[in-house]
Amino acid sequence: MKTRNIILASKSPRRRDLLKMMSLKFKVVDSGFEEDLNLKLSPEKLAMHLAKGKARAVALNYPNAIIIAADTIIVHKKKIYGKPYTKPRAIKMLKELSGTTHWAMTGLCVMDTMSGKMVAKTVKTKVVLRKLHHDEIIKYVKEHKPYDYAGAYGLFGKAAVFAKRVEGEYYNVIGLPPSELSVILRGFGIKI
């Protein structure tokens, strides 16, 4: 198969690093897709819907490319946590998630813009956070500004000390499940 342009439809530095780890050559394009977490969909379908939306938004400008898009949400007791965007919301999210078992769900979508073929799925990983002290929440938010992390934490950095246990694909919590992605890409003729 001829080399195809691969585009990551995300400005996330963590997703970019994970694709680099997979030795893929790709271009980063911010989708500009408006994430609406209030749609009346199950969390699994919502994560997938958001990933598909990002892929479709980027596909409009790239008629011959493989688009990779992802969107991660945190789900606890049917409540969906996206990005907090602000310090008060980040603190509130971490207080609510402290000491809980919850799910990181990443909607993953790969689209071939030439053929129109699209494969999308949601990958779920269970996360158990230990009980966090108020002062460590405040310090973490102040120092790391986790405003663009679903659930207000990123396990790849300082928040790694918050997790008691992760069940499932660890990198999924960071925002992109490489194992699942490599299987999907193989179906598009791209071998890792």
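Author: Helices here are DSSP runs of H or I with at least four residues, strands are runs of E with at least two, and both are numbered from the N terminus. Before going on, please keep in mind that this is a predicted model, in which local features need pLDDT of at least 70 and side-chain atom pairs count only at pLDDT 80 or more, while totals for chains, interfaces and linings use all residues. Residues are numbered from 1 along each chain as its sequence is written, and side-chain values use heavy atoms, with hydrogens and water left out.

Now turn to the helix itself. Glu136, Ile137, Tyr140 and Val141 are the buried residues of helix 4, where buried means under 20% relative accessible area, exposed over 50%, and partly exposed in between, using a 1.4 Å probe and protein chains only. Looking down the axis of helix 4, you will find these buried residues within an arc of 130°, so they line one face of the helix; the arc is that of the directions from the helix axis to the C-beta atoms. On the face turned away from this buried side, helix 4 carries the exposed residues Asp135 and Lys142. Helix 3 is included in what covers the buried residues of helix 4, with contact meaning heavy atoms within 4.5 Å.

Tyr140 and Val141, along with Ile74, Leu94 and Tyr153, touch the most other members of the largest nonpolar core, which has 22 residues. Such a core is a set of buried Ala, Val, Leu, Ile, Met, Phe, Trp, Tyr and Cys residues joined through side-chain atoms within 4.5 Å. At least two of its residues come from each of helix 3 (87–97), strand 6 (118–129) and helix 4 (134–144). Helix 3 contributes the most, with five residues.

Leaving aside residues up to four places away in sequence, Ile74 touches partners including Leu97, Trp103, Ala104 and Tyr153. Of these, Ala104 sits in strand 5 (residues 101–112) and is buried, with a relative accessible area of 0%. Ala104 also touches Ile73, Val123 and Val127, among others. Between Ala104 and Ile73 there are 31 residues in sequence, yet 5.9 Å in space, C-alpha to C-alpha.
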